[in-house]
Amino acid sequence: MAAVQAVPDGYPQVTPYLCVDGAAEAIEFYQEVFGATERMRMGGPDGKVGHAELQIGSGLVMLADEFPDMGQRSPKALGGSPVTVSLYVEDVDAVFARAIGAGATEVRPVTDQFYGDRVGGFQDPWGHVWSVATHVEDVSPEEMARRAEAMAG
C-alpha cells in the first residue's frame with residue numbers, strides 16, 4: 001500500500017468549517033460577496049448540504065447545514081459564535097458593501113488601522129462573523145508600537 005500525505009494536496013493545514021442553517025443559500029452569499037468558487041458539494045438528508053468546500057482566493061472554507069441530532073448546530077441556534085473568520089481581500093470597501101447589500105449586519109465599520117490594514121467586520125445572515133481587510137501600508141514594528149501607544153493615550 002502506498003503512503004499518503006498527512007495533508008492532502010490542495011488543502012491548507014487549517015480550514016474553518018462553518019455550520020450553517022441554510023448552507024445552499026450561504027454558498028450563494030459567499031460566492032456573491034467573496035467571489036468564492038464551489039469546489040465540491042455532497043448532499044445530506046432532506047435536501048440539505050452534508051458537506052461543501054469553497055475556494056476563496058488561496059483559502060478554503062468548508063461548510064454544511066446544521067444537523068442538531070448529530071451535534072452540528074449553527075451560531076443562530078447557539079445564540080452567537082465567539083469565532084471571527086478573517087479574510088484579506090483586494091478591495092475591503094467593495095466586499096463590505098456587497099456583504100451589507102446581500103443581508104449582512106455591520107459589526108465594525110471599515111476603517112484604517114494603526115497596523116496598516118483597512119478593516120471592517122460584519123455578521124453574515126447565518127450568524128458567522130467575518131473580518132475583512134485590505135493591507136494598505138507596510139508598518140515597521142517600531143512604528144506600529146508608536147502608533148499603538150499613541151492610540152492608548
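This is a short chat about a predicted model of one protein.

Trainee: How many helices and strands does the protein have?
Mentor: Four helices and eight strands. Keep in mind that the model is predicted.

Trainee: In what order do the elements run?
Mentor: From the N terminus, they go β-α-β-β-β-α-β-α-β-β-β-α.

Trainee: What does the C-alpha trace span?
Mentor: About 55 × 45 × 25 Å along the principal axes.

Trainee: And what share of the residues is buried?
Mentor: Buried residues make up 37% of the 153. The accessible surface is about 9,000 Å². Carbon and sulfur atoms hold 53% of that surface.

Trainee: Let's zoom in. How do β6 and β7 run?
Mentor: Antiparallel, with five bridges joining them. β6 covers residues 105-112 and β7 covers 117-123. R108 has G121 in β7 as its bridge partner.

Trainee: What sits between those two strands?
Mentor: Four residues, in a hairpin. G116 there has a positive phi, near 100 degrees.

Trainee: Switching to α4. Is it largely in the open or largely buried?
Mentor: Largely in the open, because one of its 12 residues is buried. Buried here means under 20% relative accessible area.

Trainee: How far does α4 reach?
Mentor: 16 Å from first C-alpha to last, across residues 141-152. That is close to the 16 Å expected at 1.5 Å a residue.

Trainee: What follows α4?
Mentor: G153, with a positive phi near 90 degrees.

Trainee: Last one. How many charged side chains, positive and negative?
Mentor: 10 positive and 23 negative. The centres of the two sets lie 3 Å apart.

Key. Residues are numbered from 1 along each chain as its sequence is written. This is a predicted model: local features need pLDDT of at least 70, side-chain atom pairs count only at pLDDT 80 or more; totals for chains, interfaces and linings use all residues. Side-chain values use heavy atoms; hydrogens and water are left out. Two strands pair if DSSP finds at least two bridges between them. The expected span of a helix is 1.5 Å times one less than its number of residues. Buried means under 20% relative accessible area, exposed over 50%, partly exposed in between (1.4 Å probe, protein chains only). Accessible areas come from the Shrake-Rupley method with a 1.4 Å probe; for residues, only the protein chains shown count as cover. Lys and Arg count as positive and Asp and Glu as negative; His and the chain ends are not counted. The place of a charge is taken as NZ of Lys, CZ of Arg, CG of Asp or CD of Glu.
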